[in-house]
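Reader: I would like to learn how to read charge pairs, a metal site and a surface patch. Can you take me through them one at a time?

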Amino acid sequence: MKAVVKYGKGKGLVEIREVPEPKMKEDEVLIEVKAVSVCGSDLHIYHDAHPYWPPVILGHEFSGVIIDVGKEVGGWKVGDRVVTETRTGACGVCYTCQSGFPQACEQKRAYGIGTNGAYAKYVAGPARLLHRLPDTISFEAGAVIEPIAICVTSILERSQLQAGESVLITGPGPIGLISLAIARAAGARMIGVTGRSSDEGIRFEKARELGADFTINVDQGDPVKMILEMTNGLGVDILIETSGGGRAIYQTFEMVRRLGRICAIGISGKEEIPIPYDRGIFKALRYDFCFSSSWTAWEKAIGLIGKGLLPAEKLITHQLPLEKWEEAFRLLENLQAAKVILIP
Ligand SMILES: [Zn+2]
Ligand SMILES: [Zn+2]
């Protein structure tokens, strides 16, 4: 089969290759990939700025249909529509796993990163990581459930966004837009999104379509001043940081209210980021660092999308055949897209 492979350590070193079809183990299923979504992490791996274990087939955000079932697998059959969590390799026995967070296990070797992923026709993987994809959700929308589950874990489970709260999202990229859709579904009273002049095209437009009350172009106005004006000097209840930008991270301390929460999802790509530490102490802020997704968040994400409460389809701006993966990467890199779907 054809697959997009990161074949070595270093920048680039990605190409379409002819590879053998995957073989499943007895506790695994074989999935025919119907749609795979391009993630910012895939770009980071391409640029050698994210952990990965080559050679590896890229792609961890996907949906598909089971075409074969291992001997030890119960509860799943050929023809089932599925999505899967990405925590392949998590050991199940360490302190992190046993305390209910296997997605943060040190041994994890996620699909598309340390285990062959879904930029291909077929993927084999553990049945215990599957979630059922209802008929009401398209395969394309199914392919964006993984980043949605990450945002549900971060925003609803960890930072505990409540109905009636005010929210500011820094960064209108895919994770920022997903965060916006979740905040909307959770009943936030006011949602703003910050971005730059380069986001004025498709990304701010998407933010407004998804229900942002306002957008702030930080190249044209001071976001701290604007947020304080809008909240009578208080600041927002919860700030969702998705940009990973040093300046945006510094400013979160000023834009969130006293005793507010900062929900950090964006990776900075840097060793260190300066922060106004004492300001955080005196305001008694909560800074929630977030990573990966929980089992419960997957179920919630599927429920929200299936019931029409979270418009996953609207996050998708482009759909291309797998062979055009480079074009997909370029669209994202040039900020010309929200979610891009590849069809193997
Ligand atoms: Zn991802
Ligand atoms: Zn573990």
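Author: Start with a network. Glu-32, Lys-34 and Lys-121 are linked by salt bridges. Bear in mind that this is a predicted model.

Reader: How many salt bridges does a search of the whole structure find?

Author: The search finds 21. One of them joins Lys-25 and Glu-28, at 4.0 Å from N to O. Lys-25 is exposed, at 56% relative accessibility. Glu-28 is buried, at 10%.

Reader: Which parts of the chain does the pair of Lys-71 and Glu-26 tie together?

Author: First the pair itself: the side chains of Lys-71 and Glu-26 form a salt bridge at 3.3 Å, N to O. Lys-71 sits in the loop between strands E5 (61-69) and E6 (81-84), and Glu-26 in the loop between strands E2 (14-18) and E3 (28-37), so the bridge ties together parts 45 residues apart in sequence. Lys-71 is exposed, with 74% relative accessibility. Glu-26 is partly exposed, with 38%.

Reader: Now a charge without a partner. What is the nearest side chain of opposite charge to Arg-203, and how far away is it?

Author: It is Asp-199, 4.3 Å away. Arg-203 has no salt bridge because the cut-off is 4 Å.

Reader: On to the metal. Which residues coordinate the zinc ion (ligand 1)?

Author: Look at residues, atoms and distances together. Cys-39 (SG), His-60 (NE2) and Glu-61 (OE) coordinate the zinc ion, at 2.1 to 2.3 Å. Along the chain, the donors follow the spacing C-x20-H-E.

Reader: Are His-60 and Glu-61 buried or exposed?

Author: Both His-60 and Glu-61 are buried.

Reader: Last, the surface. Which residues form the nonpolar patch?

Author: Ile-275, Tyr-277, Ile-281 and Phe-282 form it, with about 480 Å² of accessible area together. Ile-275 lies in the loop between strand E13 (256-264) and helix H9 (277-282). Its relative accessibility is 38%, so Ile-275 counts as partly exposed.

Key
Residues are numbered from 1 along each chain as its sequence is written. Chains are lettered from A and ligands numbered from 1 in the order in which they are written. This is a predicted model: local features need pLDDT of at least 70, side-chain atom pairs count only at pLDDT 80 or more; totals for chains, interfaces and linings use all residues. Side-chain values use heavy atoms; hydrogens and water are left out. Patches are made of residues with over 30% relative accessible area and no salt bridge: like charges are joined within 9 Å, nonpolar side chains (Val, Leu, Ile, Met, Phe, Trp, Tyr) within 5 Å. Accessible areas come from the Shrake-Rupley method with a 1.4 Å probe; for residues, only the protein chains shown count as cover. Helices (H or I, at least four residues) and strands (E, at least two) are DSSP runs, numbered from the N terminus. Buried means under 20% relative accessible area, exposed over 50%, partly exposed in between (1.4 Å probe, protein chains only). Donors are N, O and S atoms within 2.8 Å of the metal (3.2 Å for Na, K and Ca); water is not among the atoms, so sites may look incomplete. Lys and Arg count as positive and Asp and Glu as negative; His and the chain ends are not counted.
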